[in-house]
Amino acid sequence: MRVSELAEKTGLTSLNEHNDKQVEGVYISDMVSDIITGAKANGILVTLQTHKSLIAAANLVDVAAIVFVRGKKPADDVVELANKTGIGLFVTDMDTWSFATKLNEIGVK
Amino acid sequence: MSTCSHKWSMVNIRSGYLVVEGCRHCKARSSFFSTETVLPVDDYQDGEHYWTYLSSFQAVKFDLACDACGEVVNLDDMMGLMLSTCRNPDCEVARLATQGGRRTWVYVAFCADSTHATGKCVSAAGIQALTEYFNGNIKDPGKKVIVAPCIKCKSIDTCAGIVIADTGLTEIY
């Protein structure tokens, strides 16, 4: 499943132009130090974090897209950095558990 | 010299705190990784330095091991990583980014001693293994990561970048 299809099936709002990569997994974390040891290439990262260091960590491990839960929106400079990396940024009003459940329902694990 | 085409994996992943100290005397900064639940925050003298606690934040340390030959590269000397955004033409790290092109990302690996008074930084073996590890996991064709030791920064205090650190809410003091 590609990022765009996942976004459509889970009702995500896109925040930027991004590469429409094939999604190969999911990682949930709010710690950037944890992300570089746990997230995988072409994965979706689900988080509450909106700090710029999140993009630095996600880019290092080649994450495909980041989903901000509970309606959190990053600042413009964070979106700008994500645009340079090609990482997709999305927002949902769901909390982490509800969104993870939704991902599970559509077969993304 | 190894003839193995290494396939690196993270091993010995451990959670703790990165503690940053500053010398009141010479303004040097030093850092160490602690797995203690209560961190040492007292001032102390060590030779000519008078170390004072500056900050701490949650961090993760790891080593790299080759799945093929079993070689383990110890990364105890690496305290953190920073995505460089430096544009100073006099800075070697900035030049690496410029030479690499738009899809090359330079990450600076920090050692414990900002002064580099001993001439030491993150080991060459560590830098090479980190570079191979992160590039080996990238699936985006054309994208490349360069890991550079912080000794290559023109000035650690002024080198622009985004430190991968859990500051703020995760700071315990």
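**Reading a two-chain contact**

Student: How many residues does the contact take from chain A and from chain B?

Tutor: The contact takes 16 residues from chain A and 22 residues from chain B. Keep in mind that this is a predicted model.

Student: Which helices of chain A each supply at least two residues of the side that touches chain B?

Tutor: Those are helix 2 (32–38) and helix 3 (52–60) of chain A. Of the elements in chain A, helix 3 gives the most to that side, with six residues.

Student: How do the residues on that side of chain A divide into nonpolar, polar and charged?

Tutor: Eight are nonpolar, five polar and three charged.

Student: What unit does helix 3 of chain A make with strand 3 and strand 4 of chain A?

Tutor: Together they make a right-handed β-α-β unit. Strand 4, helix 4 (residues 76–85) and strand 5 of chain A also make a right-handed β-α-β unit.

Student: In what sense do the strands in those units pair, parallel or antiparallel?

Tutor: In general, strands of a sheet pair through backbone hydrogen bonds, either parallel or antiparallel. Here, strand 3 (residues 44–47) and strand 4 of chain A run parallel, joined by four bridges. Strand 4 and strand 5 (residues 88–91) of chain A pair in the parallel sense, also over four bridges. To find these pairings in the viewer, look for A:Leu45 opposite A:Ile66, and for A:Val67 opposite A:Phe90.

Student: Which residues of strand 4 of chain A point one way, and which the other?

Tutor: A:Ala65 and A:Val67 point one way from strand 4 (residues 65–68), while A:Ile66 and A:Phe68 point the other way. All four are buried.

Student: Now for chain B. How many helices and strands are there?

Tutor: Chain B has two helices and nine strands. From the N terminus on, the elements run β-β-β-β-β-β-α-β-α-β-β.

Student: Why does the radius of gyration of chain B agree with a compact globule?

Tutor: A compact globule with 173 residues would have a radius of gyration near 16 Å, and chain B has 17 Å, so the two agree. The C-alpha trace spans about 50 × 40 × 35 Å along its principal axes, and 32% of the residues of chain B count as buried.

Student: In what order do the four strands of the open sheet in chain B stand?

Tutor: The order is 8-7-6-9, and the pairing is mixed. Strand 8 (144–149) and strand 9 (161–163) stand at the edges with a single partner strand each, so one side of each is left without a neighbour in the sheet. From one strand to the next, the twist averages 30°. Strand 6 (residues 80–84) and strand 9 of chain B pair in the antiparallel sense over three bridges, and B:Met82 has B:Val163 as its bridge partner.

Student: Which helices pack on this sheet?

Tutor: Helix 3 of chain A does, touching strand 6, strand 7 (104–110), strand 8 and strand 9 of chain B.

Notes
Residues are numbered from 1 along each chain as its sequence is written. Chains are lettered from A and ligands numbered from 1 in the order in which they are written. This is a predicted model: local features need pLDDT of at least 70, side-chain atom pairs count only at pLDDT 80 or more; totals for chains, interfaces and linings use all residues. Two residues are in contact if their C-beta atoms, placed from the backbone, lie within 7 Å. Ala, Val, Leu, Ile, Met, Phe, Trp, Tyr, Cys and Pro count as nonpolar, Asp, Glu, Lys and Arg as charged, and the others, Gly among them, as polar. The radius of gyration is taken over C-alpha atoms; the globule rule is 2.2 Å times the number of residues to the power 0.38. A residue is buried if 20 or more other C-beta atoms lie within 10 Å of its own, exposed if 12 or fewer, and partly exposed in between; C-beta atoms are placed from the backbone. Two strands pair if DSSP finds at least two bridges between them. A crossover is right-handed if, with the strands pointing away from the viewer, the path from the first strand over the helix to the second runs clockwise. Axes are lines fitted to C-alpha atoms, for helices over the stretch in contact, and angles run from 0 to 180 degrees between N-to-C directions.
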